[in-house]
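Here is a short briefing on selected local features of one protein chain. Please keep the sequence and the coordinates open while reading.

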Amino acid sequence: MITIPYLTAVSTYFSYGLLFAFGQLRDYSRLIFDWWRTNNLQGYAPICLAHEDFYIRRLYHRIQDCFGRPISSAPDAWIDVVERVSDDNNKTLKRTTKTSRCLNLGSYNYLGFGSFDEYCTPRVIESLKKFSASTCSSRVDAGTTSVHAELEECVAKYVGQPAAVVFGMGYATNSAIIPVLIGKGGLIISDSLNHTSIVNGARGSGATIRVFQHNTPAHLEKVLKEQIAEGQPRTHRPWKKIIVVVEGIYSMEGEICHLPEIVSICKKYKAYVYLDEAHSIGAIGKTGRGVCELLGVDTADVDIMMGTFTKSFGSCGGYIAGSKDLIQYLKHQCPAHLYATSISTPSATQIISAIKVILGEDGSNRGAQKLARIRENSNFFRAELQKMGFEVLGDNDSPVMPIMLYNPAKIPAFSRECLREKLAVVVVGFPATPLLLARARICISASHSREDLIKALQVISKAGDLTGIKYFPAAPKKQEPAAVVFGMGYLTNSAIIPVLIGKGGLIISDSLNHTSIINGARGSGATIPVFKHNTPSHLKRVLKEQIAEGQPRTHRPWKKIIVVVEGIYSMEGEICHLPEIVSIFKKHMFTWMKLTALEQLAKQEEDLIQYLKYHCPAHLYATSISTPAAQQVISVIKVILGEDASNRGAQKLVRIRENSNFFRAELQKMGFDVLGDNDSPVMPIMLYNPAKIAAFSRACLQENVIVVVNFPAIPLLLARARICISASHSREDLIKALQVILRRVHSLSQHSKHDLNLPKRLKA
């Protein structure tokens, strides 16, 4: 629910009151000055009575230049907006031959299929040549082609239902289907903010309609209980049928439906679930399969799945998916199937092609990239708007994000200011929204680049300042992220730590930190207590003791405290318990020290990285990292992030995790004492006896397997062989290595356990 600030509500009511008063005054003035004019109605009543179109004449016409702007290009990231002029105070608008190239934040082109696509467009053109632009017939006459049959199979498979039927218009899908599904004696329970097509379809069904508070499963359950107990009006007979209607993403709110809870309630009370995925299908979920995939809901638990092709697929029309019996019934009964012209074959081909791209069936990974980009773009844009102080509705991952305007005067002001800066946005007011809840609706696309979004944010921020719609204080600006690089990894720790802290400071170090950290800490002159390896509780105890005691001899407060840990401990393969360590600082350090170490540095030196560049000897005097090495690092990061236009980085990350967990599990099955955690590519095999170090290493080398043994880098009694797994290892490489390690351990009688559980695939 939207909570309107008190002053905003008062000013909005006042603005509408002024508009209404002046509108009425103008109407009365027109009656006075035009009383002598005769009408040509010839006894007919006016088709539009004065009070019926008052809103259009006195409010809408004043700002109609902000709505229905024609474009003369494809609805891509940038569009050509046709300029219009008026010579009668906006009552009529005339198109000119001029256009403005504008950044498009208004179209539903979520995945970027609305413009030319290298895979889809050629196939659409071929379909146009073969089948023409229209079937000129309904589906039951001569309007069903092989493409329509393929489309219905493709849609059913894509959404995870046994069958589907498609229609030529998304709006008609709801408004024509609902009256076929339910009628008099039935009960429709609808979300209070469902789309107009659902509202009109429900009204046309003749069923009883009840609403529940927007996206509130608890209130839905309350309404269901009451209606089931009460039964039909007057007769109190049981309802013939109950259908609960919700949307995947609410088109005017940008909110994602609480589907798991709603499905659970509907199962409990034996009500059917009707899910409208107009804005969610293709836009959210790992493979674009909508809200069910995103929230982990089994599609078998959703009885009727509706969606449209106008948003993510760059086409037109809609679909209903469900059981085969349901779809067969709809094909025999639904007027939109029986009498309306079928979806055009070029449009159907566009949908099929888009789904194939999304699923990677075009032989590329462009679909996965589009889905990743729409999610990243949406979350980035939403977060930045909120930081600026705008009131933004909706949830993360949703490409729909309404910016609340409230006051009617701000609707045209915001829209016109954005258009002046070459930014096309959609503004929405009454009757599409409640009277007080006017908004600008932003729709993000995968075709938007980061530069496009940053430009849009700059324009919206400027327009927001001019119109006064930043209803929340802006988040304090964070410093730009920065980094400094060095030519040697070991030196990074040993040279940096003495610059960060010195005498009078406290370094609390994990007992198994790397030698570079130990040497850096020793060289700093700070006091160095240690805490038990990877044990947050002991760290907390050490912190308390040291803060209470203060500096040696003087017992003054510590100038600075730094806790040093590793992400993966290089000799243990264990992953740091970082969340618990960070929470200790968040919970206690602000009370004890007011400022953490890095915040204190930032206060003293303004910028940590700048400070290090001025003071660190490894930066001032050591030879810099070579340019080929630096370029290698940059290139690798781009591959990992997918900025090389491939998904090799993601594949490598998956492979290193799978390889590491497979190899660790197999070693443990064989009976080895293996240290470390799952997902860690470092896995030490404990040898203990120093005599076993050389024997194990040489034996593996004889069979062309190189392993690293560590001494004296570890405690005297804890000799080990350290295995490091790579994404470049194939499964055959790993199995060969396991066979060699096991065989050599047997031959050397070095195994730490005698009861071996050798996997069958290794016995071969």
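The model is predicted. K184, R234, R237 and K240 form a positive surface patch. R234 also has a positive phi of about 70°. The disulfide count is zero.

**Positive patch**
- Four residues make up this positive surface patch: K184, R234, R237 and K240.
- K240 sits in the loop that runs between α7 (217–230) and β6 (241–247).
- K240 has 66% relative accessibility, so K240 counts as exposed.
- R234 is also placed in the loop between α7 and β6.
- R234 reaches 78% relative accessibility and therefore counts as exposed.

**Backbone geometry**
- R234 is not a glycine, yet its phi is positive, at about 70°.
- H555 is another non-glycine residue with a positive phi, here about 60°.
- The loop between α18 (536–549) and β16 (560–564) holds H555.
- H555 counts as exposed because its relative accessibility is 51%, and the cut-off for exposed is over 50%.
- The peptide bond joining F430 and P431 is cis, with omega about 10°.
- P431 lies in the loop between β12 (426–428) and β13 (438–443).

**Cysteines**
- A disulfide requires two cysteine sulfur atoms within 2.5 Å; by this rule, the model has zero disulfides.
- For C136, the nearest cysteine sulfur belongs to C316 and is 14 Å away, and C136 is in no disulfide.
- Is C136 buried or exposed? C136 counts as exposed, because its relative accessibility is 68%.
- C616 has 0% relative accessibility, so C616 counts as buried.

**A650 and its helix**
- A650 belongs to helix α24, which spans residues 648–670.
- A650 counts as partly exposed because its relative accessibility is 44%; partly exposed covers values between the buried limit of under 20% and the exposed limit of over 50%.
- How far apart are A650 and V639 in sequence and in space? They are 11 residues apart in sequence, and their C-alpha atoms are 8.5 Å apart.

Note on methods. Residues are numbered from 1 along each chain as its sequence is written. This is a predicted model: local features need pLDDT of at least 70, side-chain atom pairs count only at pLDDT 80 or more; totals for chains, interfaces and linings use all residues. Side-chain values use heavy atoms; hydrogens and water are left out. Patches are made of residues with over 30% relative accessible area and no salt bridge: like charges are joined within 9 Å, nonpolar side chains (Val, Leu, Ile, Met, Phe, Trp, Tyr) within 5 Å. Accessible areas come from the Shrake-Rupley method with a 1.4 Å probe; for residues, only the protein chains shown count as cover. A salt bridge is a side-chain nitrogen of Lys or Arg within 4 Å of a carboxyl oxygen of Asp or Glu. Lys and Arg count as positive and Asp and Glu as negative; His and the chain ends are not counted. The place of a charge is taken as NZ of Lys, CZ of Arg, CG of Asp or CD of Glu. Helices (H or I, at least four residues) and strands (E, at least two) are DSSP runs, numbered from the N terminus. Buried means under 20% relative accessible area, exposed over 50%, partly exposed in between (1.4 Å probe, protein chains only).
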